[in-house]
Amino acid sequence: MAVYLNTDAAYKDFRMLRRDKYFVDKSGMIEKVNERILTKNRYLCITKPRRFGKTSVLNMLGAYYGKAYASEELFKGLDIAGSGQYAVHLNQYSLIHMNMNRLPEDGDTYADYLALIRETLRDDLLEAYPGLKQKNFRKLSDLLAAAGEEFVFLIDEWDYIFSHDMYQENQSDYLEFFRELLKDKPYVALAYMTGVLPMKKYSMGSALNMFDEYTMLNDSVFDSYFGFTQKEAEQLCSRQAVVKKQELEEWYNGYLTGSGNKIYNPRSVVLALMNGTCQSYWTRTGRMDEVLFFLKYNIAQVRDDIVKMVNHMPVFADIKKEYTAGQQSPANRKEIYAAMIIYGFLSYYEGELRIPDKELMIEFENALEDDDFGDVAELVRNSEEVLRATLAKQEEAVVSYLHNIHNSEIPILQYNDENSLACVVTLAYLSARDKYRIEREEKSGKGFADFIFYPKRRHLPGMVIELKADASPQAALRQIREREYTQKLQKEAVGRILLVGISYNPAKKEHRCRIEEA
């Protein structure tokens, strides 16, 4: 039975996808790929973060191009069906569909890995073209050429051995394998690769330079086909009645296309709608091990930048070079950020780095407790004390804790403005996220409250915190009352509400706090 050649894997996967309640039509991408097929521009490598629909799109292409199964019924009513080139390429090509995460069972060397790929493809070809068995082909490329067909190559997880740090001494040989198999070969109608890591830097413009690459940093052509657009997410939301579109947007909408359009994390959106609840679906462990790997480098500015981003403050950086397959571990600020963008941990648009959405924000908040964050981790781990003091209306204890944070060895916390004060307060109350849903600068009443704490447990009071630099905490409390910042908490029938005014006097380097009942 064939493993790579003209199998039904892509067809069956796309058929299942079409039956899904939350299917989104991405078939418009096929029209753009059709413009490349059988041309000099027929080599495409599209790299996106995990769970952004890469494999689903690849299987859609396989179902469309592969000639082993008639798939017209699957595409009926989809966008591509209205294209003038739709019938020209539908089910017209022999398909070679390879997933590079397939490992040998009886060997763990690179030679074993590559032998499994070569022998599997060779066996598939000889089974499909028995007339070629009598000839001795030294190269796969010669065997493919002798078949006399034009093949569509779909290669999923092309970067598997790079992303899993396998066969490091053979990674250049791996690229040479693909060069020999694909480059300038007349039997290649289309070569479509997908993965997480771009390839350019490692190949140094030689081995796979025939590929046009589209990445998280460089894609204004195919970007809207990976992830859900605003319109698509709203349409999906209308298919159920539990999760509201505003909640969906807050949790999963924060990536931007090359043209500035918002993109939702698709897998998380589907899980939230299926489960009827928005939460972090990024990782089940509660830790972002990949992020911590990059953050373990003791570069103070990176830690400070993360603190800014946790406080919803953009960080500016000119990221031009991408983090690519085979590159050594990032060693400076820009390289770390380039890697985090590629992996989907940060969004980047017009020079601004941000934490994309609430889902990732929670993961970063969890990460702040890790020892790799040094002083920040200690402050966060002790933040339960300031919540306890606030609920007990122990104003001096709150002031003492804020003073300790402000005077820490964290430069971002030492500026004398309300943004710095907001960073201090965010760290001070970070542990409260287990007991509260905390919203920053949220519209309520006649303005925007600095912080609103919505209790997750009935016995806890709601809280509104207002900040003032170079003013009094009483002025902060007056603003809460006059602008009716408690309105949203009252609408949710929260019983007790605490009003917390916090101020900082830069001349005296002094914090003050007043806590009152609403």
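Reply: Take helix α3 (residues 54-65); helices here are DSSP runs of H or I with at least four residues, strands are runs of E with at least two, and both are numbered from the N terminus. The end C-alpha atoms of α3 sit 17 Å apart, which agrees with the 16 Å its twelve residues should span at 1.5 Å a residue; that expected span is 1.5 Å times one less than the number of residues. This is a predicted model, where local features need pLDDT of at least 70, side-chain atom pairs count only at pLDDT 80 or more, and totals for chains, interfaces and linings use all residues. Residues are numbered from 1 along each chain as its sequence is written, and side-chain values use heavy atoms, leaving out hydrogens and water.

Ten of the twelve residues of α3 are buried, so the helix is largely enclosed by the rest of the structure. Buried means under 20% relative accessible area, exposed means over 50%, and partly exposed is in between (1.4 Å probe, protein chains only). Among the buried ones are Lys54, Val57, Leu58, Tyr64 and Tyr65.

Now the cysteines. With a disulfide taken as a pair of cysteine sulfur atoms within 2.5 Å, the count is zero. For Cys278, the closest cysteine sulfur is in Cys237, 8.0 Å away and too far for a bond. Cys278 is buried at 8% relative accessible area. Cys423 is in no disulfide either, as the nearest cysteine sulfur, in Cys513, is 18 Å away. Cys423 is also buried, with 0% relative accessibility.
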